[in-house]
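The following explanation is intended to be read with the sequence and the coordinates at hand.

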Amino acid sequence: MNDRGKTINHTVLKTISYTDETAKEIVKRFCGHVHWLVRLRHTYKVLFEDEQPSCQTLMEKTASSFFSDLTRILQEYLLLECAKITDPATSNKDDNFTVKYLISSIKWPDDKDKELTSLLAITEDFRNHIKPARHKLLAHLDVQAVLSDKPLGEFPKDEDRTFFEALENICNITHEACFGTIYGDMSPITVGGGDVISLRKTLEHAVAVRQALLESSGLEKKHLLLLWQKARHEPRPYV
């Protein structure tokens, strides 16, 4: 038996008290990972799910191919991470750092355990939607799935919001049990996640300046060109 728990028939036994230092480290790292996923989701939402037509136009006017690639990268990465964090507690006799492991490997107070079990069910519901994509396109490439070009991993509107709210609640409950306080606000804007909004504003400024260059002349155009040259960055050739 190790200090994280003993596995029998792929079921993690609750061998760690929530007051144990190992339990606290697990919770600390789990909350940090969820916080990272919240920030990634925020980045994706701000860039690619803004309902304002001007946002999509902005992407197309500045770097259409780049943002198209970035959309796919973020979509696939987020789906894979959501699938990984909802994987079973163990596989092939190895422990997985997942919601199930967090809940099943630690002895939580009875009231907390009941809440956590309810939240676990919510994460499992979301997993059922994305599991086909995880198994056939994200974890590996299934030939039939690739050739059929059939969308996998789709889920009902706002189900992802419910899923992430459940993850944040799990973090708050476990963090409060271990440290006496909830993990707290995971809003990306308060911890630097607002950078993606700054990026959008910078792109908006760039589009506006380009338009101003097209419409200006004389000293005004010369001044704008000078400012552009000062801000210009020439990347080194990729080797």
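The model under discussion is a predicted one.

Helix H1 covers residues 21-48. Its 28 residues, at 1.5 Å a residue, should span 40 Å, and because the end C-alpha atoms are 41 Å apart, the model agrees with that expectation. At the start of H1, Asp20 places a side-chain oxygen within 2.7 Å of the backbone nitrogen of Thr22.

Lys45 and Glu49 form a salt bridge in which the closest N and O atoms are 2.6 Å apart. In total, the structure holds 12 salt bridges.

Which parts of the chain does the pair Arg127 and Asp87 link? The salt bridge between Arg127 and Asp87 has its closest N and O atoms 2.8 Å apart. Arg127 lies in helix H4 (residues 110-138), whereas Asp87 lies in the loop between helix H2 (53-85) and strand S4 (90-91), so that distant parts of the chain, 40 residues apart, are linked. Both Arg127 and Asp87 are buried. A further salt bridge joins Lys100 to Glu124, with the closest N and O atoms 3.8 Å apart. Because Lys100 is in helix H3 (residues 99-104) and Glu124 is in helix H4, this pair ties together parts that are 24 residues apart in sequence. Lys100 is partly exposed, at 30% relative accessibility.

The empty space of the model may be considered next. Rolling a probe the size of a water molecule over the atoms shows where such space is left. The largest pocket has a volume of about 880 Å³. Its lining comprises 30 residues, and those nearest the centre of the pocket are Tyr44, Gln75, Leu79, Gly153 and Phe155. At least two lining residues come from each of H1, H2, H4, helix H5 (143-148) and H6. H2 supplies the largest share of the lining, namely 6 residues.

Helix H6 (residues 159-179) also contains Asn172. Is Asn172 buried or exposed? Its relative accessible area is 18%, and it is therefore buried, the limit for that class being under 20%. The side chain of Asn172 has a polar atom 3.0 Å from the backbone nitrogen of Tyr183, and the side chain also reaches the backbone nitrogen of Gly184 at 3.0 Å. When residues up to four places away in sequence are not counted, Asn172 touches Ile182, Tyr183 and Gly184.

Two loop residues complete the account. Lys93, although not a glycine, has a positive phi of about 70°; it is located in the loop between S4 and strand S5 (94-95). With a relative accessible area of 71%, Lys93 is exposed. Asp149 is likewise not a glycine and has a positive phi of about 60°. The loop between H5 and H6 holds Asp149, which is exposed, with a relative accessible area of 67%.

Technical notes. Residues are numbered from 1 along each chain as its sequence is written. This is a predicted model: local features need pLDDT of at least 70, side-chain atom pairs count only at pLDDT 80 or more; totals for chains, interfaces and linings use all residues. Side-chain values use heavy atoms; hydrogens and water are left out. Helices (H or I, at least four residues) and strands (E, at least two) are DSSP runs, numbered from the N terminus. Buried means under 20% relative accessible area, exposed over 50%, partly exposed in between (1.4 Å probe, protein chains only). A polar contact is a pair of N or O atoms within 3.5 Å; within protein, one must be able to donate a hydrogen and the other to accept it, and residues adjacent in sequence count only if both atoms are side-chain atoms. Contact means heavy atoms within 4.5 Å. The expected span of a helix is 1.5 Å times one less than its number of residues. A salt bridge is a side-chain nitrogen of Lys or Arg within 4 Å of a carboxyl oxygen of Asp or Glu. On a 1 Å grid over the protein atoms alone, a cavity is a set of points where a 1.4 Å probe fits but cannot get out, and a pocket is an open set with protein on both sides within 12 Å along at least five of seven lines; lining residues have an atom within 4 Å of a point. Grid points are joined across faces, edges and corners, and a volume is the space filled by probe spheres set on the points.
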